[in-house]
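I opened this notebook to record what I looked up, entry by entry. Each entry takes one part of the chain.

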Amino acid sequence: MQVELYDTLSRQKKPLEPQDNTVRIYHCGMTVQSRPHVGHLRGYIVMDALRRFLRFKGYEIKLVQNITDIDDKVIEKSAAEGIDWRMLAERNTDELLRVTDALNIERPTVMPRATQHIEEIIDLVSKIIEKGHAYESKGDVYFDVRSYSKYGKLSGKNIDELESGARIEPSENKRDPLDFALWKAAKQGEPYWYSPWGKGRPGWHIECSAMSAHYLGSEFDLHAGGEDLVFPHHENEIAQYEAATGNGFAKAWMHVEMLNLRGEKMSKSTGHLVVASDVIEAYDPNVLRMFTLRVHYRAQTEYTIEGMDEARSAWERITTFLAAAQQVLGEPALATEYPKLDAVLSDDFNTPKAMGLVFDLVHQGNEALASGDKDKLAEATVKLNLALQILGFKPRREEGVQDVKTLLDLLVRFRSELRAAKAFEWADKLREMIQEAGLIMEDTKEGTRIRFR
Ligand SMILES: [Zn+2]
């Protein structure tokens, strides 16, 4: 089945057609001026699941996920805290990695930092100037938006409409309010690198154009990021790269919608957010994945405690079933194919439909447990295991089963104690309660056993 994803640029679903067996993806990562919040994690989880699915489809994946470690906000924030900007960037990058590792999010093939690619950035800026699409002004370099006729093609924005709302800040040296900075001259006390235009640092947008080109070349398969990056960040990335090289930039654009909090986008600058590590402490990491994948990536959604609690019960339904199935089937096995799942994920990565299939399997499996149909149970379980693996869930099977066994042993022991104390009425009452809970308690020659019905 051919994988299709909705492409923001052509505004339609587009088949993923890598030139060879490797899918080349650039995913805009975090600017590390603050601690990661749960809004960031939505994109990381979706990308992780997509990557696992593409691997299941037989592709190799080259995923570049950058870290923006130099930026106006990084400088402002570190000055406010009175620490070196590098310490701030490292601290927040470390936290991002801790959180994503805990969430079973695989690390990207490359995680480049903007400050490691100043040379490539300067090269790209020079090429844009040579081609007549950028100009230097008092140590700053600006992209000349009017010179690039295709500006606005990703976001669908009209240059004249943009112009009417724009103005030039007193600190800026540009000719036109629409122009954006490729290079910024260093102000007193700011970090800087040497360049043909003097001491300064790169603008945010050029960092991603330079790093994606460096690792993936032109016309790579997919450029991804949050919906809030369509304009101006991604619009500018396209303009910069295409103006400099004359080559096409990414073949397709994937945008993951926002995770809101009380109706508003989570934002580092306003502090309207939920810190990611707090969520990791409060919930099993699979719960946030469940919460995320139950919604399609192109739909906005709200972060709520109720939503997370619901996702937790949903996850517990799965693990309870898996523990019971393992008691009957032994070690878990994996199906090699599951065409229905393949079909829904190939169609614009429809994870809510995939989760629907997952819960159908849990339902079928529980029915098979109840009727004692071991074949049907095995069929549902191997498909479920494959689906969970593709979506990146990581059930802690052994622990779960151990917990259940310990609990069942405890009940058996307690009942023998009651009988030894001749409290037969209570021993019978306990047996009734156990049976009401859907379990079977049998007295055999070897002793008492509890099993799932
Ligand atoms: Zn970017």
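**Entry 1: domains and overall form**

Before reading off domains, I noted that their bounds come from an automatic or database domain assignment. I also noted that this is a predicted model. The assignment for this chain gives domain 1 as 4-265, domain 2 as 305-395 and domain 3 as 400-452. I looked up how far apart domain 1 and domain 3 are, and their centres, taken over C-alpha atoms, are separated by 61 Å.

For the chain as a whole, I found a C-alpha trace that spans about 95 × 50 × 35 Å along its principal axes. I counted 15 helices and 15 strands in the chain. The chain has 453 residues, and 51% of them are buried. I then took the contacts between residues at least 6 apart in sequence, and 73% of these join residues at least 24 apart.

I went to strand β3, residues 22-27, where R24 has its place. Is R24 buried or exposed? Its relative accessibility is 18%, and the cut-off for buried is under 20%, so R24 counts as buried.

Next I checked what R24 touches. Leaving out residues up to four places away in sequence, I listed Q19, K62, L216, F220, D221 and L222. I looked at one of these partners, D221, in more detail. R24 and D221 are 197 residues apart in sequence, yet their C-alpha atoms are 5.2 Å apart in space. I also followed the side chain of R24, which reaches the backbone oxygen of T22 at 3.2 Å.

**Entry 2: S137**

I found S137 in strand β5, residues 134-137. With a relative accessible area of 15%, S137 is buried. Which residues is S137 in contact with, leaving aside its neighbours within four places in sequence? I found Y142 and N173.

**Entry 3: helix α7**

I turned to helix α7, residues 230-245, and found P232 in it. The peptide bond from F231 to P232 is cis, and I read its omega as near 0 degrees.

H234 is also placed in helix α7. I noted a relative accessible area of 0% for H234, which is therefore buried. Not counting residues up to four places away in sequence, H234 touches C28, L154, H223, A224, G225, L229, W253 and H255.

I looked for positive phi in residues other than glycine and wrote down N104 and K422. N104 has phi near 65 degrees, and K422 has phi near 60 degrees.

Where does N104 lie? I placed N104 in the loop between α3 (85-102) and α4 (118-130). K422 is in the loop between α14 (397-420) and α15 (424-436). I then looked up accessibility for each residue. N104 has 22% relative accessibility and counts as partly exposed. K422 has 64% and counts as exposed.

Two packed helices are described by the angle between their axes and the distance between the axes. I used both values for the pairs below.

I began with α9 (residues 285-293) and α10 (residues 305-329), whose axes come within 8 Å and cross at roughly 110 degrees. Angles of 65 to 115 degrees count as roughly perpendicular, so α9 and α10 are roughly perpendicular to each other. From α9 the contact uses N286, V287, L288, M290 and F291, and from α10 it uses G307, M308, A311, R312, A314, W315 and I318. By class, I noted 9 nonpolar, 2 polar and 1 charged among the residues of the contact of α9 with α10.

Then I took α1 (residues 38-56) with α9, where the axes are 10 Å apart and the angle is about 85 degrees. That makes α1 roughly perpendicular to α9. I listed V38, L41, R42, I45, V46, D48, A49 and R52 in α1, which meet L288, R289, T292 and L293 in α9. The contact of α1 with α9 has 7 nonpolar, 1 polar and 4 charged residues.

Conventions
Residues are numbered from 1 along each chain as its sequence is written. This is a predicted model: local features need pLDDT of at least 70, side-chain atom pairs count only at pLDDT 80 or more; totals for chains, interfaces and linings use all residues. Side-chain values use heavy atoms; hydrogens and water are left out. Helices (H or I, at least four residues) and strands (E, at least two) are DSSP runs, numbered from the N terminus. Buried means under 20% relative accessible area, exposed over 50%, partly exposed in between (1.4 Å probe, protein chains only). Contact means heavy atoms within 4.5 Å. A polar contact is a pair of N or O atoms within 3.5 Å; within protein, one must be able to donate a hydrogen and the other to accept it, and residues adjacent in sequence count only if both atoms are side-chain atoms. Axes are lines fitted to C-alpha atoms, for helices over the stretch in contact, and angles run from 0 to 180 degrees between N-to-C directions. Angles under 35 degrees count as roughly parallel, over 145 as roughly antiparallel, 65 to 115 as roughly perpendicular and the rest as oblique. Ala, Val, Leu, Ile, Met, Phe, Trp, Tyr, Cys and Pro count as nonpolar, Asp, Glu, Lys and Arg as charged, and the others, Gly among them, as polar.
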